[in-house]
Amino acid sequence: MTQYPYKEFKVYDSTPIAVEMWNDQKSVEMHCHQFYEFTVITRGSCIHNYRGVQVPLMPGDVFMIEPNQPHGYDIQAQVSITNCQFYPEQLSNENNQMLLSAWAAGKSEDIKRQWDELLQYVSLEDTGIDSSVRQANLNAQGIIHLNSEELMYVDALLQDMAREQKEQDINLEYAKSAYLQLILVKLSRVQSERNEKIRHHSNQKRDMIYDALMYIEEHLDEKIDFSSLAEKSFMSPSYFRSIFKDVTGLTPVEYLNRMRIVKSLEYLELDKSTIADAAAKVGIFDSNYFSRMFKKVMGYSPKYFKSIRN
């Protein structure tokens, strides 16, 4: 069995919670750690290696890494990531009774069980998506894609936590613990809602969406007609779109754009393609439109990407 190095906990203050915000373009080797960590991508893209699969990450993606689980990042360009590391067992003490009583609604549940339940709901286990589908491995890694409103909410709480970490005022441990729990509650609700939507559909309909995912990946360089895909799946376009979003967390167009941008990164960097050629290779023949879409997804232009990678 491969042995991976262990990363140390980032110590910023006396609490068992650490928020690290970094912008970099250096890849991170496979490693483990003894703490929990959730990560939010706020800008740029990278490939995440975890649970035996490689998944392209985009802004709005968030995932949880449990203790002793190896993972790493292949970073193609400048990426902005916020990591929150924490030891829940160190937060499960009597000192947190005062903090948690407000949202335990007067109940006297065991504090550790409350943390365990929160972590269980955001441990993000595989929901059954075919592992042969590369992008569907979002589910194999337990990735949640937050919409803009959800991302703003989570990012604001992380910013508040980072400010508490920097200022180190009185009752620091209570404030950071409260922010962390609010984030975990939000993530658990988002994931619970998505899982409920997926379970609402029959296995046959989900399989049709998985087939559509495979088709999209295999035909990125062609015009994708979602009405035709819906028809082949014996669904109306609107119903197909609804189930697609329930299963993937993205609309068909958002999903297609994501896949095309990720694939174009390979052409821009590895093949040294021009922006126009890379766009054409992923089925976009208007380079201006491609550049706008690239910037919308990645947070910077393809020209900037080429300037730092070539």
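The legends below accompany close-up views of a predicted model.

**View 1. The largest nonpolar core.** This core holds 24 residues, and those with the most contacts inside it are Phe38, Cys84, Phe86, Leu146, Met161, Leu180 and Ile183. At least two core residues come from each of strand S1 (17-24), strand S3 (36-43), strand S6 (61-65), strand S8 (79-86), helix H5 (148-167) and helix H6 (172-200). Apart from this core lies another one, of 20 residues, which includes Ala212, Leu213, Ile224 and Leu250.

**View 2. The surroundings of Met161.** Leaving aside residues up to four places away in sequence, Met161 touches Ile17, Val19, Cys84, Lys176, Tyr179, Leu180 and Ile183. Met161 is also one of the residues with the most contacts inside the largest nonpolar core.

**View 3. Asp246 and the residues it touches.** Asp246 is found in helix H9, which spans residues 237-248. Asp246 counts as buried because its relative accessibility is 13%, where the cut-off for buried is under 20%. When residues up to four places away in sequence are not counted, Asp246 touches Arg194, Lys197, Ile198 and His201.

Technical notes:
Residues numbered from 1 in each chain as written. Predicted model: local features only at pLDDT ≥ 70, side-chain atom pairs only at ≥ 80, totals over all residues. Heavy atoms only, no water. Core = buried A, V, L, I, M, F, W, Y, C linked by side-chain atoms within 4.5 Å. Buried < 20%, exposed > 50% of the residue type's maximum accessible area, 1.4 Å probe, protein only. Helix = DSSP H or I, 4+ residues; strand = E, 2+ residues; numbered from the N terminus. Contact = heavy atoms within 4.5 Å.
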